[in-house]
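The questions below take up a few of them in turn.

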Amino acid sequence: MLVNNDHLGVNTFVASSHANDQCGANGLPLTPNSIIIIGRFQYLKTIEHPNLCRYIDIRKGTHERLLVISEHYERSFESLINENQLLSVEQIQQWSHQILYSLIYLQEKQLHARNLSLKNIRLTQSDQIVKIQNYGLWHMTQYATCVSFPVGDPFYLAPECFALDFTFKNLITAGNGHHEIEINDPANAKSCVWSFGIILLELCLGQRLYGKQPVAVPMSTSVRCLKLNVRSALDILLRQNTLDQDERLKRTTTQFFLPIIRKCLNVQVRDRPTFVELLTELGGKPYISPIPRSFQLTLFDGVIPVLDHNLDLIDFKNLDTSPFRCRTIDQIYYLWKLAGGDLIAVLKNAGLIKISPSISKVSKFVTDRGDVYGLQRDGNVNDVYNRINKDNIAPTVIRQIEVDIPRCHQYDELLSSPEGHRKMKNVLKGWIASHSNLVYWQGLDSLCAPFVYLNFNNEALAYASLTAFIPKYLNNFFLKDNSLIINEYLVVFSHLIAFHHPDLSNRLETIGFIPDLYAIPWFLTVFARKFN
């Protein structure tokens, strides 16, 4: 979408989901990661620098999908590499100054551009001004803890980033508290210096390092640099890419920048130069904090009274040239939304969002690697069930089942029949035999009954349903010692009664009628003791 020669782009990703019914240390459900990201995104809307693509808005779709709207330009440094352009010292210097100005500004704002790479450095139409995009992904995802993918291009990440990401995520996961307290940014600004050095080297050589090699190659090279304890990784990177004898290293442009690149690629973080030091070495003017732009016009000056909701975003530019020319891209986007603009509808009409059935409804879904998903994956439940040795359980357990089944839902015609007894016994024996770490507790028969009733002619499906249900809703309830989990449920239940019915709670406590006396069967059978 084009506005006043500025483009709007949409970047979409999916936030990671929490496990079902997962709660924090305070006992409350965890805030969805998509909501955390939306909250943290708001700070990025205040970031404004001539060499940074502005963040405009964020929208939430279905299933934790997020749509990030930002300023965007078609051409990038990657385009220059693909065009095999030979760049002059002056041109690379000019761009380097702009990149460093933006990185210093981000450091002032306590942000780290973890996504610095060729494709994320965009060029305006004149190719004279560069703008960094996607610099806020590390911040908005709370340092990659709210998404299941790594933030940053492995081909540009500094060696310490790989170790940092692994230890940081493990620490956060072990603590399980990053949703309840604010955590500090573990990144270091000098990691961006390494990325800046890689970009400089690629611009000088006119090619991407590693080419189409897999991600494991730059990662292993980084580990090798750490193990060898070399001062600068430049020589290793050149040898790894068979460039150590390349004629392009002798070009005037390359020779000019190689000493700076060598410093940027210092393996020891403390030995790398700062952004300000790099700016000085590259002959840039001293950094001056940008002054926020101020506008005398109010938002609706020059806007026609009636806005047509059928107008596309680009059509606003043609309504009245002068007023819209002097407005910022976020103001025009806001006016477009006021006029009824719908981002999801625009993306659907452009074919960029396609609604397709979930994998569970697709008869067969095969990836490029040959992995098969969908209904075919669940089609082997009969084989799994038939392979179970249902007699491989203790005689005492079998006797207990034979005692319990004739008393389970005997008011129901199906379950009280001899065939119903036989099927219930088979499914229960199958579950016990296939879960050696769990035991049979009275109540499991009541829990099994609805699945047998609903799948009366398919014991295997009844068994598979019971097997999937228990770990999801009754995890650890059928351990040999389940006292801890049951006590936990009883305590939460007591708190709920006290909160919703304080008078009833006081009365029950006064007469000593504690939940242990009546509530355990409710939880153990998920209220399946009686059919409605």
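A residue is called buried under 20% relative accessible area, exposed over 50%, and partly exposed in between (1.4 Å probe, protein chains only). This is a predicted model, in which local features need pLDDT of at least 70, side-chain atom pairs count only at pLDDT 80 or more, and totals for chains, interfaces and linings use all residues. Residues are numbered from 1 along each chain as its sequence is written, and side-chain values use heavy atoms, with hydrogens and water left out.

Q: Why is E64 called buried?
A: The relative accessible area of E64 is 12%, and because buried means under 20%, E64 counts as buried. E64 also has a positive phi of about 70° although it is not a glycine, whereas most residues other than glycine have a negative phi.

Q: What makes D127 count as buried?
A: D127, placed in the loop between β6 (121-123) and β7 (130-132), has 17% relative accessibility and therefore counts as buried.

Q: How do you know that the buried residues of α16 line one face of the helix?
A: The buried residues of α16 (residues 395-404) are I398, I401 and D404. Seen down the axis of α16, they fall within an arc of 130° (taken from the directions from the helix axis to the C-beta atoms), so they line one face.

Key. Helix = DSSP H or I, 4+ residues; strand = E, 2+ residues; numbered from the N terminus.
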